[in-house]
Amino acid sequence: MLTWIKKQLPSSGLTAFITHQDCLLHNVGEGHPECPERLVAIRDQLMASQLYDELHEVEAPEVTDQQLARVHPPHYLESLEASVPNSGTHRVDPDTAMMVHTLRAARRAAGGAVKAVDMVCEGLAPNAFCSIRPPGHHAESAKSMGFCFYNNVAIAAAHALSQHGLERVAIIDFDVHHGNGTEEIFQNDPRVMMVSIFQHPFYPYCGDVPLGPNMHNIPLKAGSGSAAFREAVEMAWLPNLEAFQPQMIFISAGFDAHREDEMGSMGLTESDYEWVTRQLVRLAHTYAEGRIVSVLEGGYDLSALARSVVAHVRVLSAG
């Protein structure tokens, strides 16, 4: 049985840790890598590392229809609702299945990302990490795929632009799989810059040819490891981000490029996630008043995932 202990602290000086127990409800069967235990492992490791007490936990609200509609058209949202099975599972593609509680979890996931934007933009937290699921970066404007239904980070970025009046936001994606949904949604949008690394050729078998001049995708071969990852960040990501001068930074934080994660073969470690987070924190302080919203994507080896999140969040919480 999954345990869930809620703690909330009223401090604006702490990194917001945004989550909800409803995100545990999406469960499409034993053995599926995108499982509820992912969030429990993260929480347990944060507690074991004594980092949890330095975070401000906030419950993710449900996303609103208006917030979803900034990214996903009505016909897609209606088709998702109509696809929810009363029992068992319904596959929307060979990798992606729904069950009766899937959209309840997905609404909390997207709502949590939006809440993070509000808290950071309103000065209620310096930055935020959203420990949410199902993930979102493969969800295109009108297509579910890759375990994803609503594109959480895209919904959050669109909210920052429309609700908080920002003119330039950046999305950084270091998941082992290319964030094709985020790219499709924001292609050619001059307000959004996306930079990413991903294993290629690999699912979803795209990204090597960017869809617009605002997309800076760096495909890496299997086994590339730390050196290639850090070179991509230093030589491609940072110069483009510094030229763009984003007013807010979003992170699609997938940890499945870890060397212990069998989902991919990139060979990264916790020290790489710690290092890249430091680069992004520095950039955020230079151009974005420190504003960062990090949204969980992949990461399927529970131990590696939890340790990597701790490394990532420790840097965020240190400011």
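Buried here means under 20% relative accessible area, exposed means over 50%, and partly exposed is in between (1.4 Å probe, protein chains only). The model is predicted, so to speak for its local features a pLDDT of at least 70 is needed, side-chain atom pairs count only at pLDDT 80 or more, and totals for chains, interfaces and linings use all residues. Residues are numbered from 1 along each chain as its sequence is written, and side-chain values use heavy atoms, with hydrogens and water left out.

**View 1. Phe229 meets Trp237 edge-to-face.** Rings of Phe, Tyr and Trp (its six-membered ring) pair up if their centres lie within 6.5 Å; planes under 30 degrees apart are called stacked, over 60 edge-to-face, and the rest tilted. Searching the whole structure turns up 9 aromatic pairs. In this one, the ring centres of Phe229 and Trp237 sit 6.3 Å apart with the planes at 85°, so the pair is edge-to-face. Phe229 and Trp237 are both buried.

**View 2. Phe255 and Tyr273 make another aromatic pair.** This pair is edge-to-face, at 4.9 Å centre to centre and 75° between the planes. It links distant parts of the chain, 18 residues apart: Phe255 is in the loop between β9 (248-253) and α8 (270-287), and Tyr273 is in helix α8. Helices (H or I, at least four residues) and strands (E, at least two) are DSSP runs, numbered from the N terminus. Phe255 and Tyr273 are both buried.

View 3. Look for Phe17, Tyr52 and Phe129, which form one aromatic cluster.

**View 4. Glu34 has salt bridges to Arg38 and Arg133.** A salt bridge is a side-chain nitrogen of Lys or Arg within 4 Å of a carboxyl oxygen of Asp or Glu, and by this rule the count comes to 13. The closest N and O atoms are 2.8 Å apart for Arg38 and Glu34, and 2.7 Å apart for Arg133 and Glu34. Arg133, in the loop between β5 (127-130) and α5 (152-163), is 99 residues from Glu34, in the loop between β1 (15-19) and α1 (37-48). Arg133 counts as buried because its relative accessibility is 0%; Glu34, at 3%, counts as buried too.

**View 5. Arg307 and Glu270 join two helices.** Their side chains meet in a salt bridge (2.7 Å, N to O). Arg307 belongs to helix α9 (residues 302-318) and Glu270 to helix α8, 37 residues apart. Arg307 is partly exposed, at 22% relative accessibility, and Glu270 is partly exposed at 22%.

**View 6. A salt-bridge network.** Here Asp22, Arg104 and Arg108 are linked by salt bridges.
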